[in-house]
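I opened my notebook for this one with a simple plan: look at the helices, then the core, then a few single residues. Here are my entries, in the order I made them.

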Amino acid sequence: MSAERPQLNETLGRKRHAFREWRGQRPFWGGLLTLLAGVPIMYIPYANLTIGSLTVRMATTAGAGSLIIGVLLVVLGLTMWFQPVSRVFAGVAAILLALVSLVVSNFGAFLVGFLLGLIGGALGVSWAPGKPAQSADEPGEPDRIVGPVIATNPAPAAGGPGLGNGLDNLSGTSPTNGRNGRHRAG
């Protein structure tokens, strides 16, 4: 072996690390479950089950509708992977298509495709990109993305309506006057 050629473990380790970074920047599991939900919804209405000389066909009058719903779920799963910005739209659309598949595609491909689509869509909607973690070497430079991004310190208002001084607050609640909107008796 040459010292210039990287070992197989090092190459696989780099590829695994690159995949882990890619997976962490998008709703991977939501996309995977949504993609997998489309497969039984597409397949079951066109499947033939042969038992001896008896052939059972699960075809419905809405077979084309099942095919369209299944293809759309696969496309929405891929959209969650490759366009993470549109994850909310893709997740809501996947949930709606999973609900429609209950009626159109043999109870959502016997509830398997329905449940996968419902859970995958919910994971796609609820996923949020993480915030950069601070490295130990340079405190100002982010190292990698970790956890959800949450605004903990919103910027204060510069002026005008909504300052919280009570003049434009119709409910009587304000952080500056200490009231929580309840009337005091007495």
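**What covers helix H6**

I began with H6, whose buried residues pack against helix H2 (28-43), helix H3 (63-82), helix H4 (87-104) and helix H5 (106-110). My helices and strands are DSSP runs numbered from the N terminus, with at least four residues of H or I for a helix and at least two of E for a strand. I count a contact when heavy atoms come within 4.5 Å.

**Ground rules**

I am working from a predicted model, where local features need pLDDT of at least 70 and side-chain atom pairs count only at pLDDT 80 or more, while totals for chains, interfaces and linings use all residues. Residues are numbered from 1 along each chain as its sequence is written, and side-chain values use heavy atoms, with hydrogens and water left out.

**Confidence and layout**

I checked pLDDT, the predictor's confidence in each residue on a scale from 0 to 100. The chain has a mean pLDDT of 78, and 65% of its residues reach 70 or more. Confidence is highest in H6, at a mean of 94, and lowest in strand E4 (residues 142-148), at 59. A note to myself: where pLDDT is low, the predicted coordinates should not be read in detail.

I found six helices and four strands, running α-α-β-β-α-α-α-α-β-β from the N terminus on. Of the 186 residues in the chain, 25% are buried; buried means under 20% relative accessible area, exposed over 50%, and partly exposed in between (1.4 Å probe, protein chains only). Among contacts between residues at least 6 apart in sequence, 56% join residues at least 24 apart.

**Back to H6**

Which residues of H6 are buried? I listed Gly-113, Phe-114, Gly-117, Gly-120, Gly-121 and Gly-124. They cover an arc of only 145 degrees around the axis, so they sit on the same side of H6; the arc is that of the directions from the helix axis to the C-beta atoms. I also tested the length: the expected span is 1.5 Å times one less than the number of residues. For the 15 residues of H6 (residues 112-126) that gives 21 Å, and the end C-alpha atoms are 21 Å apart, which agrees.

**Helix H2**

I ran the length check on H2 as well: its 16 residues should span 22 Å, and its end C-alpha atoms are 23 Å apart, which agrees. Its buried residues are Phe-28, Gly-30, Gly-31, Thr-34, Leu-35, Ala-37, Gly-38, Pro-40 and Ile-41. Their cover includes helix H1 (8-24), H3, H4, H5 and H6.

**The core**

I looked for nonpolar cores, meaning sets of buried Ala, Val, Leu, Ile, Met, Phe, Trp, Tyr and Cys residues joined through side-chain atoms within 4.5 Å. The largest has twelve residues: Ala-37, Ile-41, Ile-44, Ile-69, Leu-73, Leu-76, Met-80, Ala-90, Ala-93, Ala-94, Leu-97 and Ala-109. H2, H3 and H4 are the elements that give two or more residues to this core.

I then followed two of its members. Ala-94 is in contact with Thr-34, Leu-73, Leu-76, Met-80, Gly-117 and Gly-121, leaving aside neighbours within four places in sequence. Ile-41 lies in H2 and is buried at 0% relative accessible area. Leaving aside neighbours within four places, the contacts of Ile-41 include Ile-69, Leu-73, Ala-109, Gly-113 and Phe-114.

Is Gly-91 buried or exposed? Gly-91 is buried, at 0% relative accessible area, and lies in helix H4. Not counting residues up to four places away in sequence, Gly-91 touches Met-80, Gly-121 and Val-125.

My last entry is Leu-111, in the loop between H5 and H6. Phi of Leu-111 is near 70 degrees, a positive value in a residue other than glycine. Most residues other than glycine have a negative phi. At 42% relative accessibility, Leu-111 counts as partly exposed.
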